[in-house]
Amino acid sequence: MAVLNVAVLVSGRGSNLRALLDRAASQAGFRVAVVVSDQPEAPALERAASAGVPVAMVAPAPGEGRAAFDARLDAELARRGVELVCLAGFMRILGSAFVGRWRGRLVNIHPSLLPAYPGLDTHARALRDGATRHGCTVHWVRPEVDAGPIIAQAAVPVRRTDDPATLAARVLSAEHGLYPEVVAGIAAGRLQDPGA
Ligand code: GRF
């Protein structure tokens, strides 16, 4: 069976990257062809290196606009033969031209049960609202941030004793189960962008 070439785009810690690398190592039908970071200091890069995965640094140049950055990113992905792009804590907003070019081949993981809590600080906001359920979502990417058709979600309970850190840890652990499962499903042809 053909193995899907995946790029994982990161800016920070890289725990979802690690979950994807672990799954790829156990015959998931996909391989991580490249890890792309916009942050030279991202701890995720060490995870990539220790797994022997190539790293591409695409950091914004001084004064560079979004379109120029996106074009460099696009060229890097094309050069590596990437077939699916997984955003995993990538902290840059991608422009609509880039998102359009990769439509159907671009997914993101977000730490809330979308459409609840798009954007940042999702755990603190859920706690502030007294939510009893929270979780994470993997979705196809559209130009609007944290929008796009939902592929799968994993819910976790919110406990009365939670603070944003304990809740984040519970959600993160759910992310690590959900994201590799979805990417394996895409690789197997079971999951497709309904708008692609
Ligand atoms: C995760 O919570 C993910 O949902 C969000 O950014 C965080 C990345 O964490 N998009 P990590 O870098 O994968 O550990």
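Seven strands make up an open sheet, ordered E3-E2-E1-E4-E5-E6-E7, with mixed pairing. The model is predicted. The protein chain has six helices and seven strands in total.

- On average, neighbouring strands are turned by 20° against each other, with direction ignored.
- Strands of a sheet pair through backbone hydrogen bonds, and the pairing is either parallel or antiparallel.
- Strand E2 (residues 30-37) and E3 run parallel and are joined by three bridges.
- Val 35 has Val 55 in E3 as its bridge partner.

**Helices on the sheet**

- Helix H1 (residues 15-25) packs on the sheet. H1 touches strand E1 (4-10), E2, strand E4 (84-87) and strand E5 (106-110).
- The direction of H1 makes about 155° with that of E2.
- Helix H3 (residues 66-79) lies across E1, E2, E3 and E4. H3 runs at about 150° to E1.

**The ligand site**

- Which residues are around the ligand? They are Arg 13, Gly 14, Ser 15, Asn 16, Gly 89, Ile 109, His 110, Pro 111 and Glu 175.
- Arg 13 places a polar side-chain atom 2.6 Å from an oxygen atom of the ligand.
- Glu 175 also contributes its side chain: an N or O atom there is 2.8 Å from an oxygen atom of the ligand.
- Ile 109 uses its backbone instead, with a polar atom 2.9 Å from a nitrogen atom of the ligand.
- Ser 15 and Asn 16 are around the ligand, and helix H1 spans residues 15-25.
- Ile 109 and His 110 are also around the ligand, and strand E5 spans 106-110.

**Overall fold and dimensions**

- From the N terminus on, the elements follow the order β-α-β-α-β-α-β-α-β-α-β-β-α.
- The radius of gyration of the protein chain is 16 Å. A compact globule of 196 residues would have a value near 16 Å, so the two agree.
- Along the principal axes, the C-alpha atoms fill a box of roughly 50 × 45 × 35 Å.

- Most residues other than glycine have a negative phi, and most peptide bonds are trans.
- Leu 114 and Pro 115 are joined by a cis peptide bond, with omega about 10°.
- Pro 115 belongs to the loop between E5 and helix H5 (122-128).
- Where does Tyr 117 lie? Tyr 117 is in the loop between E5 and H5.
- Tyr 117 is not a glycine, yet its phi is positive, at about 55°.

How values were computed: Residues are numbered from 1 along each chain as its sequence is written. This is a predicted model: local features need pLDDT of at least 70, side-chain atom pairs count only at pLDDT 80 or more; totals for chains, interfaces and linings use all residues. Side-chain values use heavy atoms; hydrogens and water are left out. Two strands pair if DSSP finds at least two bridges between them. Helices (H or I, at least four residues) and strands (E, at least two) are DSSP runs, numbered from the N terminus. Axes are lines fitted to C-alpha atoms, for helices over the stretch in contact, and angles run from 0 to 180 degrees between N-to-C directions. Contact means heavy atoms within 4.5 Å. A residue is near a molecule or strand if one of its heavy atoms lies within 4 Å of it. A polar contact is a pair of N or O atoms within 3.5 Å; within protein, one must be able to donate a hydrogen and the other to accept it, and residues adjacent in sequence count only if both atoms are side-chain atoms. The radius of gyration is taken over C-alpha atoms; the globule rule is 2.2 Å times the number of residues to the power 0.38.
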